[in-house]
Amino acid sequence: MTTTELLRRRRPAPRRSGRPPMAPLLLTVAVGVTALATPRDFAVSRLLPAAPALAASMWSVSATVGLGALALVVVVTIEVLYHQSATYFTGGAIAAVTAAAGYACHIRLQRERALFEVRSVAEAAQSVVLRPIPRRICGVSIETLYVAAAAQARIGGDLYEAVDTPHGLRVLIGDVRGKGLAAVGAAGAVVNSFREAAYDEPDLAALARRMDTSMVRYSATFPTSESAERFATVVVAQIPHGGGRATVLNCGHPPPILMRGADISVLEPTAPSPPLHMAGLIGGDYTVDTLPLAPGDQLLLYTDGVTETRNRSGTFFPLLTWLRGQVDVPPRRMLDELHGQLLRFSGGGLDDDIAALVVRVESIDDEAA
């Protein structure tokens, strides 16, 4: 059984909620009343074919044809009373428009069903890459944000994951080159490798090497014209059980941001580490940095879709400046406001996938709440 067939069994066909728009019917009534209220020299009734044409964009086939039949009755009645010589022509015109509108409505509904199935498959694929993360793991709260640039598909190349391992909580955020369906396979290879290796590898450098190897194997197994240029940037963070000194490995990704009350600092790596699938080209030396994390500290991990969002003048989104106004804002609300701010800043059009993740070390009061 294919994925599409499985989703057809599990998910119902798309249904429109509420009443259908009444604009086509109101148009029919308005034209009919206007035709009766105006002098005979004004053939307003001949505008009625516009009603079924409008209905085709929002009603079902049967409702569209039914409205066309109603419009035909109204037109014929008015034409008999006012313009008998044009009755057959006007009636034929509205019948032809109704038939065309019914066919157009049928095509529209077919495309809506096809789009629904495509989005269902995309959501199923995305759920494999971005499965839900528990909001609390071992004294650490986690909130996530994901917005795909391919809005209709709801899928993209950004990724994140968090797993509780014997070595502590390990968190991943990354960005595969490209976006949409072409990037989701590589993102899945990275995330699945992380989920497996995070439990086994004792340090983050060894974990990065495992993910790099998985990326290389995936590119070799599924070659494309862009395989040689395929890579992923990632940040991996490890927070020991019970708190203490966290470790961070940055493989060519935008640096995390540490929020400690009103103090906001960018965690630039002390030395660069290669993005995944590029270790063989530029060397495989990985640098792991350490930092203390106290209760109440927050780490913001994000993809470049956040910082590379532009406004109409081409200015990049000022993330640090915006964060300075978010002191003491809960992580969930912060991410929701970040999403809204990015939409307003860009004028409603986001050109790249966006992923963000806030990790907060909880205090005793937080855990009790």
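Me: How many helices and strands does the protein have?
Reply: Twelve helices and eleven strands. This is a predicted model.

Me: What is the average pLDDT of the protein?
Reply: The average is 83. At least 70 is reached by 85% of the residues.

Me: Which elements have the lowest and the highest mean pLDDT?
Reply: Helix α1, residues 3–10, has the lowest, at 39. Strand β10, residues 298–302, has the highest, at 96.

Me: And where is the pLDDT below 50?
Reply: Over residues 1–15. That stretch has 15 contacts in the model beyond near neighbours in sequence. Where pLDDT is low, the predicted coordinates should not be read in detail.

Me: OK, new topic. What share of the protein is buried?
Reply: Buried residues make up 45% of the 369 residues.

Me: How many residues are in the largest nonpolar core, and which touch the most other members?
Reply: The core has 56 residues. Leu159, Val190, Met211 and Leu357 touch the most other members.

Me: Which helix gives the most to this core?
Reply: Helix α6, residues 181–200, with ten residues.

Me: What about a second core?
Reply: A separate core holds 22 residues. Val306, Val329, Met334 and Ala356 are included. In soluble globular proteins, nonpolar side chains tend to be buried together.

Me: Met211 came up. Which residues of α7 are buried?
Reply: Met211 is one of them.

Me: What span should α7 have?
Reply: Helix α7 has 18 residues, 204–221, so at 1.5 Å a residue it should span 26 Å. Its end C-alpha atoms are 26 Å apart, which agrees.

Me: What does a side-chain oxygen of Asp203 reach at the start of α7?
Reply: The backbone nitrogen of Ala205, to within 3.1 Å.

Me: Switching to rings. How many aromatic pairs are there?
Reply: Two. In one, the rings of Phe317 and Trp322 have centres 6.4 Å apart. Their planes are at 50°, between the 30 and 60 degree cut-offs, so the pair is tilted.

Me: And what is the geometry of Phe317 with Phe345?
Reply: Edge-to-face. The pair is 5.5 Å centre to centre, with 75° between the planes.

Me: Where do those two sit in the chain?
Reply: Phe317 is in the loop between α9 and α10. Phe345 is in helix α11, residues 331–346. They are 28 residues apart, and the pair links distant parts of the chain. Phe317, Trp322 and Phe345 form one aromatic cluster.

Me: What does Tyr199 touch, not counting residues up to four places away?
Reply: Val163, Asp164, Thr165, Pro166 and His167. His167 is 32 residues from Tyr199 along the chain, yet their C-alpha atoms are separated by 7.6 Å.

Me: And Thr28, buried or exposed?
Reply: Buried, at 4% relative accessibility. Thr28 is in helix α2, residues 23–37. Beyond four places in sequence, Thr28 is in contact with Leu48, Ala51 and Leu67.

Me: Last one. How far apart are Asp263 and Asp297 in space?
Reply: 9.9 Å, C-alpha to C-alpha, and 34 residues apart in sequence. Asp263 is in strand β8. Asp263 is partly exposed, at 45% relative accessible area.

Key
Residues are numbered from 1 along each chain as its sequence is written. This is a predicted model: local features need pLDDT of at least 70, side-chain atom pairs count only at pLDDT 80 or more; totals for chains, interfaces and linings use all residues. Side-chain values use heavy atoms; hydrogens and water are left out. Helices (H or I, at least four residues) and strands (E, at least two) are DSSP runs, numbered from the N terminus. The expected span of a helix is 1.5 Å times one less than its number of residues. Buried means under 20% relative accessible area, exposed over 50%, partly exposed in between (1.4 Å probe, protein chains only). A polar contact is a pair of N or O atoms within 3.5 Å; within protein, one must be able to donate a hydrogen and the other to accept it, and residues adjacent in sequence count only if both atoms are side-chain atoms. A nonpolar core is a set of buried Ala, Val, Leu, Ile, Met, Phe, Trp, Tyr and Cys residues joined through side-chain atoms within 4.5 Å. pLDDT is the predictor's confidence in each residue, from 0 to 100. Contact means heavy atoms within 4.5 Å. Rings of Phe, Tyr and Trp (its six-membered ring) pair if their centres lie within 6.5 Å; planes under 30 degrees apart count as stacked, over 60 as edge-to-face and the rest as tilted.
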